[in-house]
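The following explanation leads the reader through a structure step by step. The sequence and structure come first, and the description follows.

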Amino acid sequence: MEQTALWFLMAWLDPGLLLMVAAGTFAGIYIGAIPGLSVTMAVSILISFTFKWPVDDALALIAGIFVGGVYGGARSAILLNIPGAPSAVATAFDGYPLAQRGEAGRAIGVATVMSVVGGLMGVLALALAAPVIARFALLVAPRDYLLLAMIGILLVGSLAGKSLARGIFAGALGVTIGMVGLDPMTAEGRFTFGSLSLMGGIPYVAAMIGFFGVAEALYQLRHLDLEPVKQRVGSLLPDWRVVKKLLPLSLRTGAIGVVIGALPGTGGDIAALMAYDHAKRTVKEPTSPFGEGAYEGLVAPESANNAAVGGAYIPMLTLGIPGDAVTAVIIGALYIHGLKPGPLLMVETPHLFWFTVGSLTLANLCLLVFGLTGIRIFTKLVECPKGILIPLILVLSAVGTYAIQNNPVDIYWMLGFGILGYFMKVYDYPVAPVILGVILGPLMDVSYRRAMISARDDPLTFASEFVTAPISLGLTLFLLAIILGQTPLWSKLRGR
Amino acid sequence: MPDQPRRQPGELVFSLLLLVASLFLAWQAWSIAGFASLSSAGVMPMLATGTMAAAGLVILGQTARRRPVAEQGAVRRFLAEVTPPRLALFAAMIVLYMLALEPAGFLVSSFAFLFAGMAFLHRRSLALSLVVSAASLALIWLVFRHVFAVVLPAGRLF
């Protein structure tokens, strides 16, 4: 118990780590708020710089950026009606009308406090649930990992995009990219085309930066001429009576955020939209009608998306399955540091788990401080023109990709993925499943082959284990439900 | 189907290209180990690329069934909406920058790219572009080279 408390307090007591969390949270707020920069993009680029650092420093910085970034999107949603992050889409529905009414400062204050409430709920859920799930996860067989990975990719694909087929295509493309190189079990070349540079595989950081950084920067060029709306912002301190009144709603929507965030493949964006919908259905007398500046419509998504951060860490640390795109990237960071997220992570390196819990808690407290201060410099920075920002993103992307192995070929991969990602975004293909596929592809491959070898290459034995083992049966049914839920057949059944 | 979104210019060709690429990769996956064993190195690549090909076929069918945004002038609309001149020119600048990184070195190529990119995209003041690109590059150099100890291309020409 004493040891656990020490691990938890590591980031609080070490000035260097404290600085990392605080700097990460501060930077995350700006990254999340500046339209054109995303947390996923920032963490992807950051990983390439931090891979030589001690793992604690890297995890502390990433935790801060994640927490700050999810919150930061709310600020630009309120001030500019442009959600800085996908998880802040629902925040703009009522946040921007509040700003137009001259209540931008109070709205940001309420959003900050409720984000912290939600964030702390997420961390509490992580601390309580993860050790239990990890013990349970030790019973999970290789075929279950295969199913979990497929569920994660499918959920991200089907929920992020408009078409199941496009989501599946994107996920399978990612798995294929993840297969490039020498097979780790037999050393056979896969998709190497006789090229030596492909033997080691395609670095997933190049794919991440390409799909999230370069593609996004190119996509932003299509809307370069949009002028941001300027708002006057008063004091950021919230009306504490409003906070007290809305606390029960914040706790309810925070719980929604935790659960949605913990589901593999669903993140803060879905959690925020579901929480907004919950608030709309359950709050009978909002402060203003929903969509016209209701504080309830601001509180619900902000509590939920920050709660989803802690929730998203649960499947990542216990099963090695990312909760959303950012945790998919964080898994990449853990692999780079030689760690293997999954049930054994908590058995072999429990200090890392409790250190992460401590860092996330600290990041939420830093959020409270930074969220309620420094608005003047913030409004100036958020209005930074995209014409200045986009070339900078590309230079950082190039530096980040090159830093991994000092190999210019990686930069060409990044560029290629960036151009492909641009066309995918234009034609409504979700790019997040590609990255999940790249990261989970090798896990799926190894899990499938272990399961098949244990079934002695007999397809009937292999298939029967999916319905005879209780965990596998539950996961198989869940997977089938996701696929069925996206087909026209389900729509017809619901129509009746 | 009144609710169906219209097909964007170039979307059908993109779907077709993805399908062709998927089929090629599926053939490559088959050539790894064929159907020698159900746990061979080629099974997961075959499953992944087979899934890509099947999904690609469905997407192509769905895309073909949707009505295009405009019945005529698809190429002109593609050039104007999907790859507008500003995007195409900037993409060409990015390619030049990436190719110049090794021979010209990080500092020279990045400064040239930042200045040209900001002047091209921001189009306000050349002096501002010059100052912002120089200052931001100095900051990036200091932070990444000296704080993060990242090795950056030194350049063969200078």
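In this predicted model, the contact between the two chains draws 49 residues from chain A and 49 residues from chain B. On the side of chain A that touches chain B, four helices each supply at least two residues: α8 (164–179), α18 (386–405), α19 (408–426) and α20 (432–454) of chain A. The largest share of this side comes from α18(A), with eleven residues. Sorted by class, the side of chain A that touches chain B consists of 36 nonpolar, four polar and nine charged residues.

Attention now turns to a pair of helices within chain A. Two packed helices are described by the angle between their axes and the distance between the axes. For helix α3 (residues 39–50) of chain A and helix α14 (residues 325–336) of chain A, the axes come within 9 Å and cross at roughly 10°. Angles under 35 degrees count as roughly parallel, and α3(A) and α14(A) are therefore roughly parallel to each other.

Which residues make the contact between these helices? From α3(A) come Val39(A), Thr40(A), Val43(A), Ser44(A) and Ile47(A). From α14(A) come Ala325(A), Val326(A), Val329(A), Ile330(A), Gly332(A), Ala333(A) and Ile336(A). By class, the contact of α3(A) with α14(A) has nine nonpolar residues, three polar residues and no charged residues.

The last topic is the domain arrangement of chain B. The domain assignment of chain B gives domain 1, covering 11–82, and domain 2, covering 85–147. Between the C-alpha centres of domain 1 of chain B and domain 2 of chain B, the distance is 35 Å.

How values were computed. Residues numbered from 1 in each chain as written. Chains lettered and ligands numbered in written order. Predicted model: local features only at pLDDT ≥ 70, side-chain atom pairs only at ≥ 80, totals over all residues. Contact = placed C-beta atoms within 7 Å. Nonpolar A, V, L, I, M, F, W, Y, C, P; charged D, E, K, R; others polar. Axes fitted to C-alpha atoms, helices over the stretch in contact; angles between N-to-C directions. Parallel < 35°, antiparallel > 145°, perpendicular 65-115°, else oblique. Domains from an automatic or database assignment.
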